[in-house]
Amino acid sequence: MKMCYVYIVSDDLRTKFLTGITDDCKALDLASKRKFKHLIYFETFRNLKHAMKREKELKRWKLGWKLALIKRMNPKLKSLL
C-alpha cells in the first residue's frame, strides 16, 4: 500500500498557503520550484480516500485555523524540506 501525504506549502513571507495531496514525496520538491516553496506542514495517510477527504477539509478552513494547526507541529514555520 502506497503512502499519501496531505501538505501545506507557503511563500517566502509565510503569508500565502497552498494545500495539496501527493503520493510521491519527490513531487514536494517540485513545489519548491514554484512560488510556494516552503513545506511547512504535512500529514501521512495509508488510504487515498482518507487523504483526499482531509485535503478538502483543510482547504475549507480559515487561515487562522490552518496557522494554529501548522504551529502545533512547526511553531516557527520553518521549511521542512
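Predicted model: local features only at pLDDT ≥ 70, side-chain atom pairs only at ≥ 80, totals over all residues.
Student: Which residues of helix α3 are buried?

Tutor: In α3, which spans residues 63–73, they are K66, L69 and I70.

Student: Why are they on the same side of α3?

Tutor: Start with the general idea. An α-helix has 3.6 residues a turn, so residues three or four places apart point the same way. Now the case here: K66, L69 and I70 are the buried ones. They cover an arc of only 95° around the axis, which puts them on the same side of α3.

Student: Okay, on to the sheet. What is the order of its strands?

Tutor: Read it across as β2-β1-β3; this is an open sheet of 3 strands, paired antiparallel. β2 and β3 stand at the edges with a single partner strand each, so one side of each has no neighbour in the sheet. On average, neighbouring strands are turned by 20° against each other, ignoring direction.

Student: How many bridges join β1 to β3?

Tutor: There are 7, and the two strands run antiparallel. To find your place along them, look for C4, which stands opposite F45 in β3.

Student: And where do the helices come in?

Tutor: Take α2 first: it packs on the sheet and touches β1, β2 and β3. The direction of α2 makes about 170° with that of β2. Helix α3 also packs on the sheet, touching β1, β2 and β3. For α3, the direction makes about 80° with that of β3.

Conventions. Residues numbered from 1 in each chain as written. Heavy atoms only, no water. Buried < 20%, exposed > 50% of the residue type's maximum accessible area, 1.4 Å probe, protein only. Helix = DSSP H or I, 4+ residues; strand = E, 2+ residues; numbered from the N terminus. Arc of directions from axis to C-beta. Pairing = 2+ DSSP bridges. Axes fitted to C-alpha atoms, helices over the stretch in contact; angles between N-to-C directions. Contact = heavy atoms within 4.5 Å.
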